[in-house]
Amino acid sequence: MPGFELFDHVERNQLRDVMDTGILMRYGFNSLRKGHWKAKEMEAAIVRTVGVRHALLLSSGTAALTTALAALGVGAGDEVILPPFTFVASFESILATGAVPVMTDIDETLCLDPQAVRRAITPRTKVVMPVHMCGAMAQVDELQAICRTHGLFLLEDACQAFGASFHGKMLGSIGDAGCYSFDFNKIVTCGEGGAVVTNDMALYERADRYHDHGHDHSNDDRGAEGHPFIGYNYRISELHAAIGCGQIGKLEQFVAIHRKNKQTLKEAIAGVPAVTFRRLPDPAGDSATFLTFFMPTEADARRTTTALKAAGIDGVFHWYDNNWHYIRKWEHLKTRAFAHPLYKSLRDAMPDYATVEFPQSDAIISRTISIAIKMGWTEEEVQARAALIKRTIDSSTAQ
Ligand SMILES: *Cc1c(COP(=O)(O)O)cnc(C)c1O
């Protein structure tokens, strides 16, 4: 899955451009940089690839989510609806703005259940943040309709879904804003990096300012620029952006390889009676970075996961037992283990996640297994792996 699997001379040449001038910062130093603007170049590539008006490249996906929320004006007193199956960064970014993360059940798409979202809306709700998990899509059309009805922002956490689409629209480009991650494990990587995309010029401008200490980027002289509001530093370096410039040109190829390899594995286990697949609202838009399926029971899922690992299959995830992607193991959230005291408004308004239960999500995630798709496999390796996965699931469910 990770884009680093196929690093080659393209990324190396991009990096050399930057080191030839030594200008590692994305702003300023105009006369010394010999025309190299790697962050700007990658932003232009994101705009073309995703089909949006504006893209801001920054230091991580977490920074992108935080910046997008800040630019949407989300803060103290506001509630943001998100799923309990995601990476911790989704709720971290909400907490960073002082807003309240309101976790809401998923369905068999492994993303937000629109019915559950409707039930979770209160007068304080400001944003619905679906997370397009494991390379594929939430029911983003229905979620968008809910947001329009209730006057809410739709912010897509597409950090795991760069290159995936829903009925021809790239994930991340559909909501008021979308966020991507280009960290080391994502399909396109900068080493570390992320992006906010939007069609809203004013929103882009606020994000652009927020992520660079409030700089209004109005001037060639940074010292003379205005600071319309207080920001932070979530800038990306030219070194990271250069890697991304090399990677993003390969996205189409990356997705094609994933789809081909996933198809082989999926066909191999499609006939196994114990296996059913994750529901994909638009199967054609899947970026195919994971093959995700359900076992009949939690015990089956655990036994099969153990068997697959013992058989030497790497990249197998039983998310129910994973410390980072499902609320069951988020003790730090449940016990409110913060590094610093919380704002009073947040302390008072936060749901008590030690007692809130998610029976609908539990019933799905406890039975869910994902297998990461790699790009580096040879055709023989994919075939052998497919056969081994099928045999292993067959025998682990035979008793
Ligand atoms: C990776 C990821 C993030 C955060 O991205 P970083 O670049 O690692 O900060 C946020 N949300 C989801 C769903 C992710 O998978």
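**Close-up views of a predicted model**

**View 1. Strand β8 and its two neighbours.** Four bridges, or in figures 4, join β8 to strand β9 (residues 194-198), and these two run antiparallel. Across that pairing, Ser-181 stands opposite Gly-194 in β9. With strand β5 (residues 153-157), β8 runs parallel, and 3 bridges join them; here Leu-155 has Ala-177 as its bridge partner in β8. Two strands pair if DSSP finds at least two bridges between them. Strands (E, at least two residues) and helices (H or I, at least four) are DSSP runs, numbered from the N terminus.

This is a predicted model, where local features need pLDDT of at least 70 and side-chain atom pairs count only at pLDDT 80 or more, while totals for chains, interfaces and linings use all residues. Residues are numbered from 1 along each chain as its sequence is written, and side-chain values use heavy atoms, with hydrogens and water left out.

**View 2. The shell around the ligand.** The ligand is surrounded by 16 residues, and the closest are Gly-61, Thr-62, Ser-181, Asp-183 and Lys-186 (a residue is in if one of its heavy atoms lies within 4 Å). Helices α3 (61-71) and α4 (89-97) each supply at least two of the shell residues, and α3 gives the most, with 3.

View 3. A polar contact is a pair of N or O atoms within 3.5 Å.

**View 4. Thr-104 in its loop.** Thr-104 is found in the loop between β3 (100-103) and α5 (114-120). It counts as buried because its relative accessibility is 4%. A polar atom of the Thr-104 side chain lies 3.3 Å from the backbone oxygen of Val-102. Leaving out residues up to four places away in sequence, Thr-104 touches several others, among them Ile-81, Leu-112 and Phe-358 (contact means heavy atoms within 4.5 Å).

Terms used: Buried means under 20% relative accessible area, exposed over 50%, partly exposed in between (1.4 Å probe, protein chains only). A polar contact is a pair of N or O atoms within 3.5 Å; within protein, one must be able to donate a hydrogen and the other to accept it, and residues adjacent in sequence count only if both atoms are side-chain atoms.
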